[in-house]
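Please consult the sequence and the structure shown here.

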Amino acid sequence: MTELTLEEIDVDGAIREAEDRVAQLTRRGLLGAVVASGAGLLALGRPGTARAVTKNDVAILNYALSLEELQSAFYTEAERLRKLEGKARQAARRVGSVERAHVAAFRKALGRNAIRRPRYNFGGVTEDERRFLKTAVAFEDLAVAAYKAQAPRINNRGLLAVAVSIHSVEARHAAWMRYLFGIRPAAEPFDSGIEMSEILRIVRSTRFIAGPPARTTRRSRPRFTG
Amino acid sequence: MTPGRRRLAVAAVLLVAAAAAAAFLLLRGDEPVAVEKPVAAQKPVVRPPQAALPSAPKPAFAIPQPKLLQDRDSVSRWSPVLRRTAAFRSPDVRTPVVGKLETQTPEETTNLVLVLDSTTTPSGEVWAKVRLPVLPNNTVGWIPRRALGGYTVVATHLVIDRARLRATLYSRGRSVFNAPVGIGESQWPTPGGKFYIRNKLTQYANPFYGPLAFGTSARSAVLTDWPAGGFVGIHGTNQPDLIPGRISHGCVRMRNGDILRLAPIMPIGTPLTVL
């Protein structure tokens with residue numbers, strides 16, 4: 001398997017931007033930035049209450065945010081397009097609301113250290129029920145595996161508690177989507193995590209992360225009828 | 001003893017035995033039967049080791065209550081054209097071509113279309129129904145979904161009222177902008193129908209168009225030989241005294257202050273209705 005770089009998947013530069021910004025900050029500086037942005041991570045630095053928030057913790061939060069953004073955009077688009085019916089439609093509506101709540105919480109916690117919101121092109125999978133469910137299963141399974149792999153690396157206990165709470169919610173979503181797609185909700189007695197590089201490789205293979213934005217504004221003399 | 005007397009005697013003996021048994025049980029009922037009171041002092045109490053189970057850490061931040069989507073009815077979506085394609089009357093390449101789409105506009109911005117609907121064919125291919133920037137105006141057609149990029153949602157809608165000579169911008173159904181406009185003279189009328197905003201041009205040195213111009217998907221039906229195809233714009237002016245009025249070649253003109261007020265609140269892809 002070819003090892004992929006972040007540049008290949010992060011065509012929008014959002015994840016790299018976050019990593020670069022994190023690397024420029026000391027832990028104290030980082031917490032200062034978070035406090036200045038009104039985010040809620042200040043309490044995490046209190047001595048004796050929890051382990052410190054590290055640069056690695058922030059990077060993991062941004063990684064989780066990128067997956068939550070992907071899921072949120074996917075379900076929201078599917079609901080707006082109204083091509084799903086019955087139980088699939090209900091599931092998209094409910095799960096979408098939860099993924100949006102996850103995104104909102106991560107963005108509030110990260111403040112200005114959060115990555116930019118990427119653009120997506122789901123290429124029709126949100127407009128066809130069978131393809132929607134297949135993709136939803138893949139997304140939810142990926143999210144579960146990603147949280148599982150990163151949780152042991154989180155230094156701050158409060159952040160770990162959040163991650164574990166979301167992990168079980170994503171596992172419920174995975175079981176729900178698997179049931180709707182017609183495959184076993186709980187197929188294995190033991191689940192393994194999946195490393196970030198592999199998760200990004202899989203996300204990249206979907207081609208759902210769009211390239212540069214459309215150029216819709218230009219410094220140019222009009223040739224309209226006047 | 002006759003058989004009848006024998007049966008009577010047996011019955012009497014059984015009755016006496018049953019009465020004796022009942023009396024015995026009633027007497028025993030005064031005392032607890034086989035129930036032993038626990039004696040705390042006599043049994044060791046098992047307690048969890050306090051030091052080994054500290055309280056669980058509190059989550060660093062809370063997840064807000066999920067909110068269901070509220071804007072499904074008040075948004076539109078547009079998409080960039082990624083690949084040149086023909087648009088067909090139906091989602092089938094064997095149906096007539098109703099227009100062609102390039103990837104760029106004459107102003108060299110990304111071409112885009114307003115997406116109205118979509119469907120999946122029996123072969124599994126997704127097609128999109130789009131509004132086209134072609135003559136005749138108000139043409140819609142079907143193109144393969146793979147020719148388009150991702151969807152962008154807008155919650156705005158611009159309405160030009162040719163009778164009242166006014167422009168109104170709605171956001172989520174609520175009026176947020178209103179201004180007088182100039183429209184086409186009778187020989188070059190501003191076309192009516194449904195269109196969309198497809199680009200924005202700025203920082204050009206031509207006072208005739210004012211400080212800023214929006215391009216639309218509407219085209220003049222009479223000035224077909226106009227450079228770049230005779231597309232209708234919405235722009236400022238160097239003759240504000242003519243507004244409101246029927247004074248243009250088909251474009252919608254606004255006073256410069258109004259077009260500058262409109263620019264930041266009307267995103268590209270906004271649907272346009274000319275009444």
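## Strand pairing across the chains

Two strands are said to pair if DSSP finds at least two bridges between them. Strands (E, at least two residues) and helices (H or I, at least four) are DSSP runs numbered from the N terminus. In this predicted model, local features need pLDDT of at least 70 and side-chain atom pairs count only at pLDDT 80 or more, whereas totals for chains, interfaces and linings use all residues. Residues are numbered from 1 along each chain as its sequence is written, and chains are lettered from A and ligands numbered from 1 in the order in which they are written.

β1(A) and β12 (residues 193-202) of chain B run parallel and are joined by three bridges. Within this pairing, Leu201(B) of β12(B) lies opposite Arg218(A).

## Interface of chains A and B

Contact, defined as C-beta atoms placed from the backbone lying within 7 Å, links 49 residues of chain A with 58 residues of chain B. On the chain A side, α4 (55-81), α5 (86-110), α7 (157-181) and β1 (217-219) each supply at least two residues. The largest share, 10 residues, comes from α5(A).

This side of chain A has 18 nonpolar, 16 polar and 15 charged residues. Here Ala, Val, Leu, Ile, Met, Phe, Trp, Tyr, Cys and Pro count as nonpolar, Asp, Glu, Lys and Arg as charged, and the others, Gly among them, as polar.

## Domains of chain B

An automatic or database domain assignment divides chain B into domain 1 (76-153) and domain 2 (155-274). Their centres, taken over C-alpha atoms, are 24 Å apart.

In chain B, 14 residues of domain 1 are in contact with 16 residues of domain 2. β1 (76-80) and β4 (112-120) of chain B each supply at least two residues of the domain 1 side. That side comprises six nonpolar, six polar and two charged residues.

Technical notes: Contact = placed C-beta atoms within 7 Å.
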